[in-house]
Amino acid sequence: MIKADTIIYEKSGIDACLAVLNNGKLREFELFNENGASEGNVYLGRILKKVSLADDKYGFMVNIGDNKDAFMNAQEKGLLEVNMNEGQCVVVQVSKEQRSEKGAKLVRSIQIPGTYLVYRPFGSFIDISTKIEDQEKSKELYNAVQKNISTQQEGWVVRTAAASANINDVIEEMQVLREIYENIRIKARSANAPALLYAKENPLFDLIRRYNDTLTKVIVNDHNLEEKVKTIFSGEVIYNSDPSEEYGIQDMLQDAMQKTIHLPSGGQIHIEETRAFVAIDVDSAGNIARGQTDNLNKEAALEIANQIILRNLSGKIIIDFAGSNEYRFMRNVIDTLEEALAGDNQGARVLGLSKAGNVEILRRRKHPTLLEQFSVECPTCSGTGRVEP
């Protein structure tokens, strides 16, 4: 289970950062521009050009007012294929934020998140969070939402937070989310593309909900935000003008961008981010006895899970553990890795052992990695990290 006891929010101009700590150690970090194209934002975009894809499919480059053109696929599950021309406008939502070399990815199937629900105007089903273990409560929530669905087609996701909510509050939120979407439609009729139609809430609030069970302290450097946090969080809320300095966030970030991590046992983990995948190697550092290797790999599995979340590693992740790559020796290591990543907000999936003996993970890409946020590719070595003799 992923835990956190402290969240730090620090804003400077239009840039802000969020640091998640547990027992004084940095567990998660997000840097964002409050005026940027964040995941969940809804825009009225303008089609710039049509682009051909594989298998006779196609997509569109769209101007949403960001510093890079965004991409929208013409084909989208549950929706009719869109056929548009240059200059036409379309209402879209950011599903993936831009990375260093790619613009944002867009979808047309808008989703509006609330505290207890996610409204899907283009959906048709009610989904209940699998984390709601109380079957009676789950059934009660399903029936309440189904009873209050409007005559028009719409879909809903009941979030984990609804498990402890009053049913009337959940029903009231249904109408609030419908009104947000209706305001998006009204704005879209009169706006000049590119235009922001809806900005998602500050990600601080989502983190507070996510770590509510273990969270004890929220620290902010914004008095207005301090008061808003107090309305939803019963723990300690502190104002600090420079929390990053006091808690040593910069030093921890420097450590989080190093390629090599030293384990207490004496082993090492080496992390390489490539364009195709993330490669992770576990070095036994001479500890090759069977018992030592098993313990080293379990220790490494826990640290690798921490690093995946902290560095926001995503896409394909391939791990070469130390020692034998036979499944009978790796089963407990894989179980440790799965348990450590359980509840990951980006849905990390441990796929198991490949034929080559590597452990493979798939993780949904939401934000740039720490390395992408704080560095650029070297123009001299083109990212190889090597120099000619």
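Q: In what order do the six strands of the open sheet run?
A: The order is E16-E17-E18-E19-E21-E20, with mixed pairing. Strands (E, at least two residues) and helices (H or I, at least four) are DSSP runs numbered from the N terminus, and two strands pair if DSSP finds at least two bridges between them. This is a predicted model: local features need pLDDT of at least 70, side-chain atom pairs count only at pLDDT 80 or more, and totals for chains, interfaces and linings use all residues. Residues are numbered from 1 along each chain as its sequence is written, and side-chain values use heavy atoms, leaving out hydrogens and water.

Q: Which strands stand at the edges?
A: Strands E16 (260-262) and E20 (349-353) do; each has a single partner strand, so one side of each lacks a neighbour in the sheet. From one strand to the next, the twist averages 20 degrees.

Q: In which sense do E20 and E21 pair?
A: E20 pairs with E21 (residues 359-363) in the antiparallel sense, over four bridges. Leu353 has Val359 in E21 as its bridge partner.

Q: Which strands does helix H8 lie across?
A: Helix H8 (residues 327-341) lies across E19 (315-320), E20 and E21, at about 175 degrees to E20. Axes are lines fitted to C-alpha atoms, for helices over the stretch in contact (heavy atoms within 4.5 Å), and angles run from 0 to 180 degrees between N-to-C directions.

Q: Changing topic, where is Asp222 found?
A: Asp222 is in the loop between strand E14 (217-220) and helix H4 (223-232).

Q: What does Asp222 touch?
A: Not counting residues up to four places away in sequence, Asp222 touches Tyr9, Lys11 and Tyr239.
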